[in-house]
Each structure stands twice: as C-alpha cells, then as structure tokens.
Amino acid sequence: ALSPPTTTITDAPTNSNSRFQRIGCPWILLIAQKMLHCFITRPTQVRTWEEVDMEVDEDEDRAFLLEAIHVVEQLERVRDVEDLCTDVAEPVQKFVGVTRITAHEWCQQQAVYLVKHLREGGDELRTEAMVNGEKRHKELELEVMQREEIEVTTREDAWAINLLNLVLGLDQLRRERITRELLVFGVVQGQPIIGIIDELFLEGKEIRIRDHKTRQRPTMPGEAQKRTARLQLMCYLTLLQGLFQYFQECNDIQCTGSSTSVFNAGDIARLAGLDLKMPLSVQVRQYASACSIRFLQNVKTVADAFQGLHQFGRKLDFNIGTLLHLRYEWQENLQVLGEEQFEHEEEWMAQQLSKHLPVLRGKHPPQVVPPQEGWKCQYCQFADICPAPNGLVPGPWSTS
C-alpha cells in the first residue's frame, strides 16, 4: 500500500486520500502490456527542442526524438510484424495518440522518419531527460491516486477497465476537484484519437485542463515548442468536449448523436473491434462491483461499462472551460518556471489537423520545416536523409 501523499497540489484543493480509497475501490487497474499483446501505452510528455539562441540541450533533443517511438497508443491487438505496413501510413481505423499527431506540428518529415525508424527496429534508448520527466509525471500521479497492475486477456477487458477508470477519474474530479492521468478518446476529422490528460481541475463549476512539462534548463521554451504543446492541449479539450456532448445528447449507448459527434459508444466499439456481449473476466467484474458507484455495480460486459459511463456522465453538472494551462518545471529542483494560459482556438486546431492527418494516413507527402524554423535541422538525427535543402541551415549532421 502507498503512504498518504504529502505534496501540496497548487491551485486545487488537496486531500490525503487517494481516488479509490475515497470511493471504496482500492485499486487502479492498469493493463499488463504483454498479455496477448493487448495494451495501453502511457504517453510521455511531448518535449521538443529549445530555440538555438536559448542554448539547445542535446540530451533533451534526443529525448524528444526517442520519446516519439512510444507515442503510438492503440487499443487493439498488435499484429505480427509481417502484417505491419511497410510504409508509414496509418489506416484511418487505428487509434492514434494525440502526441503522435502533434509531433507533426514540430516537423512532418521528422515525424514520418520516426515512425519508419521504429518499424525498422530502431533503438529505443532511454535518456536521463526522459527518465527524469517520467519520474516527475509519476510523482504527480501518485499525489492523488494509487496504482496496481492487473493482467487482462481480451481487448474487451482492457476497454472495460478504461471505461471504469474514466468514471472513477471523473468521480474523483467531482469529489476532490482534481484528477490526473485521465484517458480520453474519440474521432476527430474521421481519425480515431486517444490520449491521456495530465490533469483536470475545477475552477468553480468549470473543468480546466493542465499539462505539466519538465525542462532540463531553467528557461521557458521557445514559440515553436509552445505551439506544439498548445495543439496537444486543444486536442485533449476536443476529446473531452466530445465525451460530455455524448453524455447530454444520447439516452443510451446505441444513440448515434449528431453528425459531428466526437465520442460515440457504438463507433468506438466498432473501431476497437469489441464484442459488446462478451463476458468480462472475473477480475474485471470484481473490480467494478467493488467500486461504490452504483452505475458500475452490475458491469458484466463492455456494453455495461459503456452504459455505466453514460449514466454517470449524465449526472455531472460541469461546464468545460476553454482556457488551457501549460505549466513548466525545472527538473533540477521542481521550480515552476511559469504557466502559460491560452484560449482554445477551434478554427486553428482544425486547420492544423487538416494538414497533419493526411500525412499521417499516407495521403499527402510530409513537408519539411519552413526556412524560418530551419534551425531545428541542426538537432535532427535524420538530417542526413532529409530532402530539406542542405538541412535548411548548417548543422552537425551531414546532408544529402
């Protein structure tokens, strides 16, 4: 068992009880990644490069390059290597991680090379910057919850646990005014997308999103990095808004919602290849019945889990705030370097996604960075094979 947390959570009420202690459910169940290849990947934060004139940290640069290997979050059985595409195109039906998409905002060409690097068996190295960033995220998570793993054998079990934990996270937000590591998913511009929100907190009756970034140097990031992070948070907000729209528009999981719905249970089940009637494992059913939320007491199938989520969500009385928060910390001493606040820009987000998703799907060739951001090429491990003219700017990597 974990000791009660003692770290103060800024800008939100604190409580020494974990999410599951408060509601009578003692565990958060995480998916064992190796059980029949049914898995969830906990996304690492998106860390891009410092501006050149802010002394780019090469360890942090490599961390970003290598972290992109881990950002493909899909909730389906992993096919054999021989079945994977030989190119980098992603089928529209596959759930793609938010951070995978927003990597294209930094550089489309690099994002494509990174996927190819992974599929060709490229090294998955762990840098100090990556380890420190993940350690900090785990510390923040454990301030408000406990973690315990459980093995699952079917994708139905995996999705049921995701849905149950989504209910528990929203319930913690209602009770304690904060929750962290909340899984959200939906379909945006025809693309199934999935992501994990660092933190949700309540400001009055308004839900706000906050993302935590760590820095190796005590400086705020440049505009190019901020732009990538803004797109990331806007995607999270869109998925969260879609979930709450589903709560309000639909009476049951068979409801199709509006033609622009981001979240629809029937579509999610179809895209994930779920058998809504398949009985869940004994462990998952016990987990659901151990929770004190009445809508989860009789969960026996993934359809029941969707129904429980829907019934619980209809009881929530919150607004979704469009003011988004980006907090930056220095890794050395956890000093808060600053917090950027910005409004959601629906039109800009849609415009950026309309540029990046065709590249992700292999429908449009990737673009290199514009000349004014050519300094990025100095710190790209793929500069020697990139079609950008001379890497746009001289750098340590050879060009062809």
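Helix 11 supplies the largest share of the lining of the second largest pocket, six residues. The model is predicted: local features need pLDDT of at least 70, side-chain atom pairs count only at pLDDT 80 or more, and totals for chains, interfaces and linings use all residues. Residues are numbered from 1 along each chain as its sequence is written.

**Exercise 1.** Describe the second largest pocket and its lining.

*Solution.* 
- Start with the volume: about 270 Å³.
- Next, the lining has 18 residues; H104, E105, Q108, K355 and H356 are the closest to the centre.
- Then assign elements. Helix 3 (98–106) and helix 11 (346–360) each give two or more residues. Helices here are DSSP runs (H or I, at least four residues), numbered from the N terminus.
- Finally, sort the lining by class: seven nonpolar, seven polar and four charged.

**Exercise 2.** Place N298 in the chain and decide: buried or exposed?

*Solution.* 
- Locate N298: the loop between helix 9 (282–290) and helix 10 (302–313).
- Read its relative accessibility, 58%. N298 is therefore exposed (exposed is over 50%, buried under 20%, partly exposed in between; 1.4 Å probe, protein chains only).
- Check a distance. A288 is ten residues away along the chain, and the two C-alpha atoms are 7.5 Å apart.

Terms used: Heavy atoms only, no water. 1 Å grid on protein atoms, 1.4 Å probe; cavity = no way out; pocket = protein on both sides within 12 Å on 5 of 7 lines; lining within 4 Å. Points joined across faces, edges and corners; volume = space filled by probe spheres on them. Nonpolar A, V, L, I, M, F, W, Y, C, P; charged D, E, K, R; others polar.
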